[in-house]
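Hello,

Here is the structure we spoke about, with the sequence. My notes on it follow below.

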Amino acid sequence: MTRDKSFAKAATELAAIGRAFYTRGWALGTSGNFSAVVSRRPLRLAITASSLPKGALRATDILECDDRGRVVGRRRGKPSAETLLHIEIARLRGAGAVLHTHSVWSTMLSGQAASGRQGRQGGRAGQAGLVIEGYEMLKGLAGVTTHAHREIVPVLDNDQDMTRLALRVRDTLEQHPAAHAFLLRHHGLYTWGDTLADAQRHVEILEFLFETIGRTQARAGAAAAPGGPSWPC
């Protein structure tokens, strides 16, 4: 497949993912950004343009950028502000696609990791990030074959300086070579995969786990509060 055809296919698929994630509440408004590798040598990404509503995303809203985040190809526009983060992930993980969502649950749990609050039922927060274990859904992550798997989702402080944040992402990925994702604090989820389908599956798996952990913690907290509701064990 030529690069032009590969880009056109990626653009169509990324736009469809953006619309689908919007309907799931994972990329509301202009939040989120998505990319797919269309060439390795030289590195070229198809990536969402900046500040566009994901519920109405079209293939023409996808740009092509180089390994420095500069727009190349026939389309002109401003790529996502977080393009440099996608480039680092594509380089260090050899990822074929990178997806970034802004769900309620990922935002809440990333904030809990900052305070070191302890969760229950397979999810807990600490300085290393969010630790998830014991869930059957973990087997949806690439290379995971048992619910006993222990997944650490690192949490990074957010930063408006993208060059500095990209360096922090690089350090985090090097320190956590087995991680399938990371969270930006009070911001959202970054995950990736060998293909766009793999990355999309990782979003679905991780967002399910985040919501499960968040709801479990909320239920336990409400039951423990004076006068709060209770549930049978």
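Glu 13 is partly exposed, because its relative accessible area of 32% falls between the limits for buried (under 20%) and exposed (over 50%), taken with a 1.4 Å probe and protein chains only. Its partner in a salt bridge is Lys 9, with the closest N and O atoms 2.7 Å apart. A salt bridge here is a side-chain nitrogen of Lys or Arg within 4 Å of a carboxyl oxygen of Asp or Glu. Lys 9 is also partly exposed, at 43%. Both residues lie in helix H1 (residues 3-24), four residues apart, about one turn of the helix. Helices (H or I, at least four residues) and strands (E, at least two) are DSSP runs, numbered from the N terminus.

Before the rest, the basis of these notes: this is a predicted model, in which local features need pLDDT of at least 70, side-chain atom pairs count only at pLDDT 80 or more, and totals for chains, interfaces and linings use all residues. Residues are numbered from 1 along each chain as its sequence is written, and side-chain values use heavy atoms, with hydrogens and water left out.

The pLDDT is the predictor's confidence in each residue, from 0 to 100. The chain averages 88, and 86% of the residues score at least 70. Residues 114-121 are below 50, and this stretch has 17 contacts in the model beyond near neighbours in sequence. A contact means heavy atoms within 4.5 Å. Residues 227-233 are also below 50, with seven such contacts.

Other salt bridges

The structure holds 13 salt bridges. Arg 215 and Glu 211 form one of them, at 2.8 Å between the closest N and O atoms. These two are separated by about one helical turn, because they stand four residues apart in helix H5 (residues 196-224). Glu 211 is partly exposed, with a relative accessible area of 30%. Asp 66 and Arg 70 also meet in a salt bridge, 2.8 Å from N to O. Asp 66 is buried at 5%, whereas Arg 70 is partly exposed at 46%. A network of salt bridges links Asp 67, Glu 88, Arg 91 and Arg 170.

Aromatic rings

Rings of Phe, Tyr and Trp (its six-membered ring) pair if their centres lie within 6.5 Å; planes under 30 degrees apart count as stacked, over 60 as edge-to-face and the rest as tilted. The count comes to four aromatic pairs. Phe 21 and Trp 26 are edge-to-face, 5.3 Å centre to centre with 70° between the planes. Phe 21 is buried at 1% relative accessibility, and Trp 26 is buried at 8%. Phe 182 and Tyr 190 are stacked, with 5.2 Å between centres and 20° between planes; both are buried. Phe 21, Trp 26 and Phe 34 form one aromatic cluster.

Backbone and loops

Most residues other than glycine have a negative phi, and most peptide bonds are trans. Ser 51 has a positive phi of about 60° and sits in the loop between S2 and strand S3 (62-65). Ser 51 is exposed, at 56%. His 186 has a positive phi of about 55°, lies in the loop between strand S10 (181-184) and strand S11 (188-193), and is exposed at 57%. The peptide bond from Arg 41 to Pro 42 is cis, with omega near 0°. Pro 42 is in the loop between strand S1 (33-39) and strand S2 (44-48).

Regards
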